[in-house]
Structures are given as C-alpha cells and as structure tokens.
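Welcome! Let's take a friendly walk through this structure, looking at its charged pairs and a patch on its surface.

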Amino acid sequence: MWAAFRSEMRKMWKRPATWVTLGLFGLITVADLFGEYRRARKDPDDPFFLPDAWSLILGEEVMVGFIFASVLVILLVAAEFSWRTARQNVIDGLSKTQWYWAKVLLVPLLSALFLALRAAIGGSFALAGTDLAAGAQWFGAAQLAALGGMFVTGLGFASLALFVAVAIRASGPAMAVWFAWFAFGERLVVGGLGALFEGWRPILKWAPIMTFNRLRDYIQYDSEAFRMAAERAVEQERPVPELEALGPAFAGSFLWIAALLVFGWLWYRKRDL
C-alpha cells in the first residue's frame, strides 16, 4: 500500500492539472486576502490582524478550496480509466483493492493541502498587519478546532468526488455530476422528497452536503467570533446565528465519508476494467 501511495504521489506531482489547480487557487486566495489587508491598512475601522482575522481567513471562502480539491480528485482518478492506466496497474501486479485505497489516500492529502494553503496565505497577510509587541495569541485552540472541523468538510466533498470519479470514469461528466449535486441537485432531491413525505424531513436534513456543511462555520469554534456575529445581527435587526451541535455533525459526516468510500470500492470491484 505504501508503494502504491508513493506511486500516486509521483503521478500527482507530475500532472499539470495539479499545478494548475493549486496555482489558480493560490492566485484567487492571494487576491481575496490581499484586498482585505489593503483595506485594513487604509481604514483603521476595518482591521485585519491576528487572531481576529481568522474569522475572515476561515470564512465562507474556504469552500472554494474544497471545490478545487474535489475537482483535482476527479481529474487524478477519472483520467486513469480514460488512459487505461487503472487497467495497466492491475496487470502489472497491483490488486484492485490496493489501487483503490491508494486513491483514497489522496482524499485527506488534497483536503489538507488546499485548507493549509488558504490558512498560510491568509495568516501571512494578517500577521503582517498584527502588532507583534502586543503579545496576543495569534493561533489557539479555537483556530485548531475550526481547521479540524473544516478538514472533515473537505474530506466529505472529496470523498463524494472520488465516488463520482470511480462510478462515471470520465473527468468531464464526473465533474458535471459532482457540481450539479453540490450546487442544486441535493436541495432539489431533499425538497422534492420532503414535499412528498413530510415525515422524512428530519432525516433528509442529514443529506451528505448538508451534513458536511454543518462543520464549516468558523463561529461555531470561536466564542469571541460568535459573540461579535451575534452583536452585528442584533444591530442590523437580523436573526442571531444558531450554533450547530458539533457531535452529531461530526458523527454524521464520518458516517457519510465511510459510506461513500466503501460503496465506491464495492462499485469499482464489481465493474470490469
């Protein structure tokens, strides 16, 4: 398995798709967070320094990294069927199980890579605007917990991408299906089934994308960020945000991830290469 994973690493870093995806995401992230840094330099009432800046660095835009990671999973996996390298690897001695689980190891690697890139770029800009003499804690338990929860969200999206790539075996159609389910497909299915079977609604709220998304709101992990968000909501006469129960959200996410990976493995083993 370790030899198969090392082979995956060599293939991944030699693929132009890897560098293009990472580079494009890096440029988007730099443009986004450098804009925050510049605005903070010009407007003292709009600060961008650590630790307060983590709520922006690890805000809604983290989702962009998970989308890029999922796209890269599809490009790396589905192409092996089009190019016949999945078949050739098995002919050369890898078992189907070894081939599949080597691909599974790409899921946490890429999820962590894109999340770390966002945190590193944002942290660097925010650190440049931080008063180092103030002695404030730049990174603590709240940020570590937020990164852990968001990492699980990334695992979920990438696991779904791996399942779609193995099931469809073509990069273009697999990306189309993944994006459709992510963007609107799940909501349509959940809404339709909820309208037909009202008793299913509590269960339907735990559909995969909905479940993964329960873990990616930064204010769930940082009490100070939640307090500030609640104050802004009161000032703007909006509903105060509610905190998710993280225990069930983590449990549901891990169950979905395990189900997607195992079902993908069974589907892959059943079909002819």
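## A buried glutamate and its partner

Glu 8 is buried, with a relative accessible area of 6%. Here, buried means under 20% relative accessible area, exposed means over 50%, and partly exposed is in between, using a 1.4 Å probe and protein chains only. Lys 11, by this scale, is partly exposed at 27%.

This is a predicted model, where local features need pLDDT of at least 70 and side-chain atom pairs count only at pLDDT 80 or more, while totals for chains, interfaces and linings use all residues. Residues are numbered from 1 along each chain as its sequence is written, and side-chain values use heavy atoms, leaving out hydrogens and water.

The side chains of Glu 8 and Lys 11 form a salt bridge, with 3.2 Å from N to O. The term stands for a side-chain nitrogen of Lys or Arg within 4 Å of a carboxyl oxygen of Asp or Glu. Because they sit three residues apart in helix H1 (residues 2-14), Glu 8 and Lys 11 are separated by about one helical turn. Helices are DSSP runs of H or I with at least four residues, numbered from the N terminus.

## Reaching across the chain

Which residue forms a salt bridge with Lys 11, the closest N and O atoms being 2.8 Å apart? That partner is Glu 80. The pair links distant parts of the chain, since Lys 11 belongs to helix H1 and Glu 80 to helix H4 (residues 62-82), 69 residues apart. Glu 80 is buried, at 5% relative accessible area.

Across the whole structure, a search finds ten salt bridges.

## A tie between two loops

Another salt bridge joins the side chains of Arg 214 and Glu 244, at 3.3 Å from N to O. Arg 214 lies in the loop between helix H11 (208-213) and helix H12 (223-235), and Glu 244 in the loop between H12 and helix H13 (246-270), so the pair ties together parts that are 30 residues apart in sequence. Arg 214 is buried at 15% relative accessible area, whereas Glu 244 is partly exposed at 35%.

## A nonpolar patch

Leu 127, Leu 132, Trp 138, Phe 139 and Leu 144 make a nonpolar surface patch of about 470 Å². Leu 127 lies in helix H7 (residues 106-128) and is partly exposed, with 33% relative accessibility.

Patches are made of residues with over 30% relative accessible area and no salt bridge; like charges are joined within 9 Å, and nonpolar side chains (Val, Leu, Ile, Met, Phe, Trp, Tyr) within 5 Å.

Key: Areas by Shrake-Rupley, 256 points an atom, 1.4 Å probe, with all protein chains shown as cover.
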